[in-house]
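Work through the exercises below with the structure in view, and try each task before reading its solution.

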Amino acid sequence: MNPAAGTTAFAVVKAFIRRDFLTEKSYRLSFALGALATLANLAVFYFIGKLFGGAMAPQLELYGTGYFAYVFTAMAFFGYIGTGAGSYAGRLRLEQTQGTLEAALSTPLRTVHFLAAMSAWNFLFATFELLVYALAGSFIFKLDLSAANWPAAGLVFLLSAACFAALGILSSCFVVLFKRGNPLAWVLNNFEGLLGGVYFPVAVLPGWLLAVSNLLPVTYAVRAFQLAVHRGAGLSELKGDLLVLFLFDLVLLPASAWLFSLAIKRARKTGTLGGY
Amino acid sequence: MKFEARGLTKIFPAPAFSGGSPLRALEGLDLEARPGVVGLEGPNGSGKTTLFKTLAGIIEPDAGTILAGGEAAGPGRLRELAAYCPSNTRSFYFRLSAAENLRFFGALAGLSTAVALERAKQLAEKLELSSADLDRRFDRLSEGNMQKVSLIRSFSRRPPLLLLDEPFRGLDADSQQGLLELIKEAGRDSAVLVSSHAPELLRAAAYKVLKLEAGRLAGEAL
């Protein structure tokens, strides 16, 4: 029997997670510095929040919370869903420069399995970071999340994570084809946080920027998550944002997987799969 | 299983705006390989590596067909049927041990952990790679031992088509002998294509040696 017939998505994902865990473990300092950076980031917003005291900005009234709670929640949420947007291109570029991409893709590995496995470790690590945020929020910063509607927040979370993973896969197509120079990653890195309401509600943006902001899935994701967590908003209140996120998923998920397959096929055709 | 390549053509386009010309790597090449060992020799740039990568489904030909067992086989099917051992070792995770690398690539090829590690152990013995070296981080291995790990990765798949590009590179005399035995053993069930710039090793490994020139087969080498 051809051994490839036994290749399952689970076995592939497991193999990638093990590989990435062992690799990360071999860079111990990097792990520690990463955790410290997360805490330092939080401290910045904590002190900004203290500076402005408990006063609620009018733009935050919709969410019924203060600035620190808002930015804390958005950063924890965006930190996780942003993993999908950033990690695919980063991982792929690393494989290219190591020379392992061609070796991995010269096996019977299916594209869908490869996509599921490539960033599995990043998502696992992001889950750990999310846990750190949750513990810090509860025990250090004493955030009041008693009103939260967790099932609704979970649904927003799932739809958003899928959407950002699709954006990440689209972004990695540029890496496959052009190696360096990734316009989608540039937009995701530089404008998602600014225009998506991560660091402040989008209501503070001028009208023309608000229009741009409404084209980005992150805007709907952050708003819906904030409303579910701080105001306990349910499905009826969130249905507009959830529908938009669902539509983004419906289009982006199959399109990104298809375009990624095309990009790999093109690299096989031009003989540049092993290039960097 | 019998493999046939008919009219294989591969032209690598010049990079955009480079002013260069396309590289014609394969020019309508025909080849047949049955279980057994066939050697390939030819000067640098004659198309050996391109031929191997095309037969392995890593790159797609611009024209021509490849048949496996009489049926047309596209790149996806070829990646199931063929294992390619590249001529350089820059295709491993340097921070992982040799064994961990073999376990990982084994999983991608559909081998269970137990099978991948068992085969790695058996093949390492034949190639005189110690178990301590199997457990050593890849970037701490000598060039020759890296090459052995690369060979183990390909042999352990036990594919119907085994493509060995410069497999003797960096090996000491005893390991070369071990590899010759492994190639002979694999050739009983699989079609094995071997390229080398060492004519005596190629002739020791293969029952016939073909000559490749400018992307075409130029008959049997003398």
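Accessible areas come from the Shrake-Rupley method with a 1.4 Å probe, and for residues only the protein chains shown count as cover. The model used here is a predicted one.

**Exercise 1.** Find how much accessible surface chain B has, and what share of that surface belongs to carbon and sulfur atoms.

*Solution.* The accessible surface of chain B amounts to about 9,300 Å². Of this area, 49% belongs to carbon and sulfur atoms. Turning from surface to interior, a residue counts as buried when its relative accessible area is under 20%, and 56% of the 222 residues of chain B are buried in this sense.

**Exercise 2.** Decide whether the radius of gyration of chain B agrees or disagrees with that of a compact globule.

*Solution.* Begin with the expectation, which for a compact globule of 222 residues is a radius of gyration near 17 Å. Chain B has 17 Å, so the two agree. Along the principal axes, the C-alpha atoms of chain B fill a box of roughly 45 × 40 × 30 Å.

Key. Residues are numbered from 1 along each chain as its sequence is written. Chains are lettered from A and ligands numbered from 1 in the order in which they are written. This is a predicted model: local features need pLDDT of at least 70, side-chain atom pairs count only at pLDDT 80 or more; totals for chains, interfaces and linings use all residues. Side-chain values use heavy atoms; hydrogens and water are left out. The radius of gyration is taken over C-alpha atoms; the globule rule is 2.2 Å times the number of residues to the power 0.38. Buried means under 20% relative accessible area, exposed over 50%, partly exposed in between (1.4 Å probe, protein chains only).
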